[in-house]
Amino acid sequence: MLPPRELPPLRLRRATLRELELPLVHPFATSFGVERRRRLLLLALEEVGGKVGWAECVAGRDPLYSSESVSTAREMLRRYLLPLLGTVPETTPERFLTAAGAYRGHPMAKATVEMALWDLSARVLRTPLCRLLGGRDRPIPVGVSVGLEASPQALVDQVAAYRTAGYGRIKLKVTPRKDEAYVAQVRRTFPDIPLWIDANQAYALEDLSRLARWAARYRVQLIEQPFPEDRLVWHARLARRLRPPTRLCLDESVTGPGRLEEALALRAIGVLNLKPGRVGGLGPSLELHARAARAGIPVWCGGMLETGVGRSHNLSLATLDGFILPSDLSASDRYYREDLVEPPFALGPGSTLRPRPGPGIGVDPVEARVARWTRRQWELPFPSAARN
Ligand code: OSB
Ligand code: MG
């Protein structure tokens with residue numbers, strides 16, 4: 001891989017943080033709850049030359065997927081992380097993360113700033129973000145993540161609609177109360193489709209044998225995060241039980257490079273779901289991607305129901321070699337009737353998405369749409385940087 005390009009030191013003029021709420025086209029239910037509307041933080045960072053970098057925060061409304069939420073991220077950003085930008089006159093994504101390292105935790109809040117700085121760096125260099133990250137513009141294989149449904153038949157209907165829309169692999173959310181009967185009916189209806197499952201930590205150790213058995217019976221290719229985040233040893237026990245084609249994938253457990261190292265040492269991981277928001281940004285994602293490659297662990301890019309802004313960052317990352325398996329990056333209309341960006345992301349041939357060719361993430365949010373869904377906003381000027 002090429003060595004990462006030197007990033008330009010950025011002088012920032014102003015940060016604008018907005019809190020939005022967008023209705024989802026279909027409620028998204030997981031083992032931890034139902035989302036009908038996505039509440040999100042959107043950050044714009046403007047440099048002295050007038051260019052603007054964008055990012056969205058992936059924290060959910062409530063602390064259910066992880067300990068972060070929109071309110072904790074908002075508080076971190078307003079009180080600690082954005083003011084840091086005013087104290088570092090010439091900033092880069094890495095310098096920001098070094099300074100932010102003084103504060104523990106809050107990877108999603110930190111990633112919001114870090115990713116906006118990556119977008120801004122690429123725009124200042126007039127280069128697409130995927131190139132700056134070391135990837136290349138190519139069609140990215142994607143699939144769809146299907147939420148829990150009220151009955152096996154309702155789930156089959158959803159899957160059928162997504163298959164008709166062109167999606168290849170299908171990831172089903174499961175929970176101990178909605179698993180085998182649901183997956184069985186999908187498998188009976190679609191004997192040949194690539195099927196993955198994601199439990200978002202809902203299982204306990206006593207479920208291990210049953211889970212391994214039915215996953216094999218229905219040819220599930222990938223089991224994502226069945227056990228609680230800190231139970232690496234349980235994941236290792238399950239991984240030992242699985243036979244091809246079934247592999248064990250970690251999502252929530254891998255919060256950073258240290259955790260991946262531990263999972264590798266314990267043989268608790270076969271595949272890595274990489275989400276820049278979860279691991280504190282694109283810089284940490286590059287490090288995890290390189291470590292996974294050395295360990296021979298395939299990676300794919302996860303999603304958190306992002307708008308076109310976050311999706312663009314994720315797609316740029318997924319252009320790196322090593323993102324072999326289909327990512328959870330679906331077309332705009334799988335999530336929103338009207339995305340924040342124009343044109344929306346559409347599914348290409350062979351269940352793929354393409355990154356945008358323009359500089360940075362290649363898209364600008366449509367101002368009127370942002371305004372329409374914004375609930376509150378905060379402006380933070382950086383007068384000292386502007387004066388330099
Ligand atoms: O566990 O991958 C997950 C959405 C919100 C929170 C957690 C997860 C998800 C998804 C959706 O699976 C993936 C997507 O954005 O399409
Ligand atoms: Mg997951």
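What follows is a short exchange about a predicted model, with each term set against its cut-off.

Trainee: Are D198 and E224 buried or exposed?

Mentor: D198 is buried, and E224 is buried too.

Trainee: Why is L195 called buried?

Mentor: Its relative accessible area is 1%. Buried means under 20%, so L195 qualifies. L195 lies in strand β7. Its contacts beyond four places in sequence include I170, L172, V183, V186 and L222. L195 and L222 are 27 residues apart in sequence, yet their C-alpha atoms are 7.4 Å apart.

Trainee: Why is Q158 called buried?

Mentor: The same test applies. Q158 has a relative accessible area of 17%. That falls under 20%, so Q158 is buried. Q158 belongs to helix α5 (residues 152-165).

Trainee: What makes the pairing of Q158 with H26 a polar contact?

Mentor: The two side chains meet at 3.5 Å. The limit is within 3.5 Å, for a pair of N or O atoms with one able to donate a hydrogen and the other to accept it. The pair therefore counts. Leaving out residues up to four places away in sequence, Q158 touches H26, V146 and E149.

Trainee: How do you know that β5 and β6 pair?

Mentor: Count the bridges. Strand β5 (residues 144-146) and β6 are joined by 3 bridges and run parallel. Pairing needs at least two, so these strands pair. V146 has L172 as its bridge partner in β6.

Trainee: Which residues show that both faces of strand β6 (residues 170-173) are covered?

Mentor: I170 and L172 are buried on one side. K171 and K173 are buried on the other.

Trainee: Which residues are buried in helix α7 (residues 208-217), and what do they pack against?

Mentor: L208, L211, A212, W214 and A215 are buried. The buried residues of α7 pack against α6 (180-189), β7, β8 and α8 (232-241). Just after α7, R219 takes a positive phi of about 50°.

Trainee: What makes the largest nonpolar core a core?

Mentor: Its members are buried nonpolar residues joined through side-chain atoms within 4.5 Å. There are 86 residues in this core, and L45, L82, L85, V113, I269 and L272 touch the most other members. Helix α3 (residues 107-124) gives the largest share, 10 residues. The core draws at least three residues from each of domain 1 (12-126 + 364-387) and domain 2 (131-353). L82 is in contact with A15, L17, L43, L45, L77, V113, L380 and F382, leaving aside neighbours within four places in sequence. A second, separate core has 34 residues, among them V144, V156, Y203 and F227.

Trainee: Why would such residues gather?

Mentor: In soluble globular proteins, nonpolar side chains tend to be buried together.

Trainee: How many residues does each domain bring to the contact between them?

Mentor: Domain 1 contributes 40 residues and domain 2 contributes 46 residues. Contact means heavy atoms within 4.5 Å, so that is the test behind these totals. The C-alpha centres of the two domains lie 24 Å apart.

Key: Residues are numbered from 1 along each chain as its sequence is written. Chains are lettered from A and ligands numbered from 1 in the order in which they are written. This is a predicted model: local features need pLDDT of at least 70, side-chain atom pairs count only at pLDDT 80 or more; totals for chains, interfaces and linings use all residues. Side-chain values use heavy atoms; hydrogens and water are left out. Buried means under 20% relative accessible area, exposed over 50%, partly exposed in between (1.4 Å probe, protein chains only). Helices (H or I, at least four residues) and strands (E, at least two) are DSSP runs, numbered from the N terminus. Domain bounds come from an automatic or database domain assignment.
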